[in-house]
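Hi,

Here is the structure I promised to pass on.

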Amino acid sequence: MTKQIPSHAQVVIVGGGVVGTSIAYHLTKLGWRDVVLLERKRLTSGTTWHAAGLVGQLRATANLTKLAQYTTGLYATLEKETGQATGFMQRGSISIATNEERFEELKRGASMAKTFGLEVHGITPAEIRSKWPLLNVDDVVGGVFLPNDGQTNPIDTTMALAKGATMGGARIFENLAVRSISSNGKRATGVVTDRGEISAEYVVLATGMWSRALARDCGVDLPLQACEHFYIVTENFPGLTADLPVLRDPDHCAYFKEDAGKLLLGAFEPNAKPWAVDGIPEDFEFGELPEDLEHFTPILEAAMKRLPALERVGIRKFFNGPESFTPDVRYMLGETPELAHLYVATGFNSIGIQSAGGAGKVLAEWIVGGHPPMDLWDVDVRRMQPFQSGKAYLTQRVTESLGLLYAMHWPYRQYETSRGMRLSPFHERLKARGACFGEAAGWERPNWFAPPGVAPVYRYSYKRQNWFAHAAVEHEAVRETVAMFDMTSFAKFLVQGRDAEGVLQRICANDIAVPIGRVVYTQWLNERGGIEADLTITRTAENSFMVVTAGATGRRDIGWLCRNIPEDARAIATEITSSLAVLSVMGPNARALLAAVSGADLSNAAFPFGTSREITIGRARLRASRITYVGELGWELYIPTEFACGVFDAIVVAGDEFGLRLAGMHAMDSCRMEKAYRHWGHDISDEDTPLEAGLMFAVKPAKQGGFIGRDALMRQADRPLTKRLVQFALRDPEPLLYHNEPIWQGARIVGRTTSGAHGHHLGRALALGYVTHPDGVSAELIAEGGFEIEVAGTRFAASASLTPLYDPKSARVRG
Ligand SMILES: Cc1cc2nc3c(=O)[nH]c(=O)nc-3n(C[C@H](O)[C@H](O)[C@H](O)COP(=O)(O)OP(=O)(O)OC[C@H]3O[C@@H](n4cnc5c(N)ncnc54)[C@H](O)[C@@H]3O)c2cc1C
């Protein structure tokens with residue numbers, strides 16, 4: 001008998017795969033009973049049913065590792081809780097390295113894992129062989145062993161989550177497709193199904209590879225695309241025992257798993273095949289795609305070298321099934337910026353089984369609490385750009401995404417496909433001058449400049465990469481003469497109207513009720529005092545403010561801004577990113593150079609730090625703002641796009657006399673690290689407060705009317721700070737820091753680095769990172785010293801400072 005569908009629910013989850021059922025399970029754990037899950041066919045019939053079931057824990061970033069770690073713990077207890085078998089086993093896993101760089105990557109990952117108690121051991125080739133006796137380890141340099149990694153039966157695990165959810169009160173409806181999401185234009189209000197409408201306070205899309213099309217219909221962009229994904233299962237494999245850990249051989253794009261006496265060999269090949277680019281067939285259910293032995297052959301051949309006995313065993317099953325991939329190989333979680341109360345958990349890039357527990361938990365907490373329960377920026381749906389949903393972009397990019405799971409996670413690695421999406425007006429000029437571009441939010445930005453005779457291409461390494469010396473020269477130009485950066489990728493918004501000042505005062509922690517022509521550095525805080533955004537605001541007229549923020553966070557920040565403009569306020573926010581190109585001219589000679597091309601008085605008296613006004617360069621009128629992210633005297637120039645190239649040419653022509661160099665993002669990063677300028681997304685996030693981040697100089701607690709987050713911040717001010725952002729410099733000039741390295745003080749791990757770079761001027765690797773202590777982190781505790789930072793298993797002594805190591809009094813900035 002068909003179950004009667006409800007007309008209303010507190011939350012409707014669309015999609016009955018491992019992810020949707022996990023969200024339902026976790027919502028009921030939080031006490032929500034009125035939870036309805038709708039599945040168009042049968043539970044697991046999308047991608048979940050055919051997963052290989054690996055449940056690894058070590059991910060590329062700390063937070064994603066924490067979520068995978070939680071999943072493992074959950075699956076280990078789910079059967080006991082629900083009475084439904086899951087097939088979960090903890091036989092551990094081994095990842096092997098066949099070269100030193102891969103081994104360093106694995107060891108760096110193992111070091112990171114220590115910061116939250118995940119058990120990882122480095123192992124030798126002989127130890128690998130003793131755990132996997134049939135392996136050929138002749139070319140193996142070493143590996144890591146995670147004894148608690150697991151494997152599970154994806155169907156049974158999903159059924160257990162579904163059972164747990166129904167035990168908690170959720171209702172699950174199969175064979176009931178959602179046709180569209182209802183909304184009132186601002187917020188999701190329910191779903192339209194085959195059998196009528198269900199109104200809901202919250203709608204959650206956990207619809208796997210179907211998500212992009214369903215979301216597009218209600219104006220929401222979810223860039224993901226299905227790709228073919230392969231494994232084979234052999235006939236009975238003599239000598240394979242049931243206690244074997246999962247084996248990953250990332251250098252050969254393969255994983256090996258014992259499966260009821262057979263071998264399951266899976267692939268993460270570098271050139272994936274997009275599937276169903278024009279839409280998933282309506283009747284797709286427990287579907288398989290045609291085999292493609294030719295595509296799989298390189299993996300199979302390499303696997304035969306790793307496991308020679310494989311040559312003598314027949315293949316029983318060649319499996320090809322679709323899975324959705326995203327442009328940056330990270331899943332999408334959270335409330336969509338386009339529609340409030342529409343949440344998503346989708347695009348799991350072949351790690352949906354191992355991610356589902358953690359992702360389901362934090363998404364449920366996000367829905368119930370109204371905010372992410374931890375820093376989830378890595379996977380936050382707001383990082384995505386609308387253009388990424390384009391078919392041409394996506395189908396090309398996902399050919400690369402799939403392979404990146406097992407590719408080297410090189411520092412500064414750049415995508416190779418779907419490049420050139422967003423070009424600044426200076427692009428061709430920069431290219432002609434040797435720019436090697438990197439991509440951020442689709443923007444092509446020079447990361448470094450190759451001198452004549454040097455090819456502008458990356459040679460990756462965990463050691464000094466080929467651009468290191470060139471970026472050092474750019475860095476020194478910033479410190480000694482003058483350098484120019486293309487910062488067009490900044491996101492820019494105008495906030496205008498009679499109430500603009502009042503609205504922004506409420507959103508900003510700093511005081512923005514300033515005279516026209518002042519630039520204010522400020523954070524936007526949430527109600528918990530956490531930093532939602534870190535940006536500058538320039539008052540350009542009585543009722544007009546220009547907000548400038550990073551390109552990568554533009555979508556998130558304008559979303560926050562718009563949601564905090566009260567309905568009845570006379571204020572509107574408009575994105576003006578495309579209308580202004582930006583050049584940043586920084587260094588001790590910046591004043592002389594810009595005075596020469598503009599004729600303007602740029603003296604301290606006429607143009608002090610933190611001010612902004614219009615000047616003329618060549619034939620262009622533009623806005624010059626005296627601020628810096630590199631810790632030197634300098635100006636950012638906001639130029640109407642159509643005038644931009646003329647301004648660039650004028651500065652470059654005049655620049656020779658002043659020692660001008662073009663500089664890229666690597667030099668900018670190393671300069672900002674010397675000055676300990678924070679970077680949102682690394683050093684500061686929605687779970688860090690200005691007190692913890694050392695940013696109270698930009699907060700005005702006493703300003704009239706208060707601001708969002710003030711009360712939480714003041715409450716925190718009354719207690720000892722249990723974590724504080726500290727700048728570190730390694731004593732040994734050789735090692736390099738990236739981020740996520742453990743910070744030791746004596747015998748205790750006290751935190752991990754949030755960002756790292758070599759400071760070319762200071763001549764040492766630098767990092768920022770939070771030091772924690774349950775009784776409070778005092779200045780005395782930092783002064784005690786004894787800090788070390790662990791890099792790939794080796795600890796290096798580090799000095800620590802609460803004030804910037806470079807120019808702590810900002811004399812150069814104000815000079
Ligand atoms: C060959 C292969 C091997 C894999 N191995 C592993 C592994 O070892 N470990 C691992 O962690 N991951 C693995 N994965 C990935 C994993 O299977 C997926 O990431 C995971 O299953 C995704 O789960 P999901 O719930 O997001 O999607 P799905 O399982 O696809 O669930 C989405 C559901 O939404 C339903 N739906 C869609 N549209 C609607 C609608 N309009 N109305 C109602 N219902 C709708 C669909 O029918 C579907 O059941 C593998 C994938 C493949 C292809």
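Bear in mind that this is a predicted model. I started with the helix packing. Helix H1 (residues 18-29) packs against helix H2 (residues 62-82) at an angle of about 75°, and their axes are 14 Å apart. The pair is therefore roughly perpendicular, since angles of 65 to 115 degrees count as such. On the H1 side the contact uses Val18, Tyr25, His26 and Lys29, and these meet Tyr70, Leu74, Tyr75, Leu78 and Glu81 in H2. Sorted by class, that contact of H1 with H2 has six nonpolar, one polar and two charged residues.

H2 also packs against helix H8 (352-369). Here the axes come within 7 Å and cross at roughly 100°, so H2 and H8 are roughly perpendicular to each other too. H2 brings Leu67, Ala68, Tyr70, Thr71, Leu74 and Tyr75 to the contact, while H8 brings Ile353, Gln354, Ser355, Ala356, Gly357, Gly358, Ala359, Lys361 and Val362. By class, the contact of H2 with H8 splits into nine nonpolar, five polar and one charged. Tyr70, Leu74 and Tyr75 of H2 turn up in the contact with H1 and again in the contact with H8.

Now for the ligand. There are 37 residues around the ligand, and Glu39, Thr48, Leu54, Glu323 and Gln354 come nearest. Gln354 also has a backbone N or O atom 2.8 Å from an oxygen atom of the ligand. For Val18, a backbone N or O atom lies 3.4 Å from a ligand oxygen, and Gly46 likewise has a backbone N or O atom 3.4 Å from an oxygen of the ligand. Taken alone, the ligand exposes 990 Å², of which the protein buries 97%. The elements giving two or more residues to the shell are H1, strand S12 (225-234), strand S16 (315-325) and H8. In that shell I get 18 nonpolar, 16 polar and three charged residues.

Two residues tie the topics together. Val18 is part of the contact of H1 with H2 and has that backbone atom by the ligand. Gln354 is in the contact of H2 with H8 and is among the residues that come nearest to the ligand.

Cheers

Note on methods
Residues numbered from 1 in each chain as written. Predicted model: local features only at pLDDT ≥ 70, side-chain atom pairs only at ≥ 80, totals over all residues. Heavy atoms only, no water. Axes fitted to C-alpha atoms, helices over the stretch in contact; angles between N-to-C directions. Helix = DSSP H or I, 4+ residues; strand = E, 2+ residues; numbered from the N terminus. Parallel < 35°, antiparallel > 145°, perpendicular 65-115°, else oblique. Contact = heavy atoms within 4.5 Å. Nonpolar A, V, L, I, M, F, W, Y, C, P; charged D, E, K, R; others polar. Near = heavy atom within 4 Å. Polar contact = N/O pair within 3.5 Å; in protein donor to acceptor, adjacent residues only side chain to side chain. Areas by Shrake-Rupley, 256 points an atom, 1.4 Å probe, with all protein chains shown as cover.
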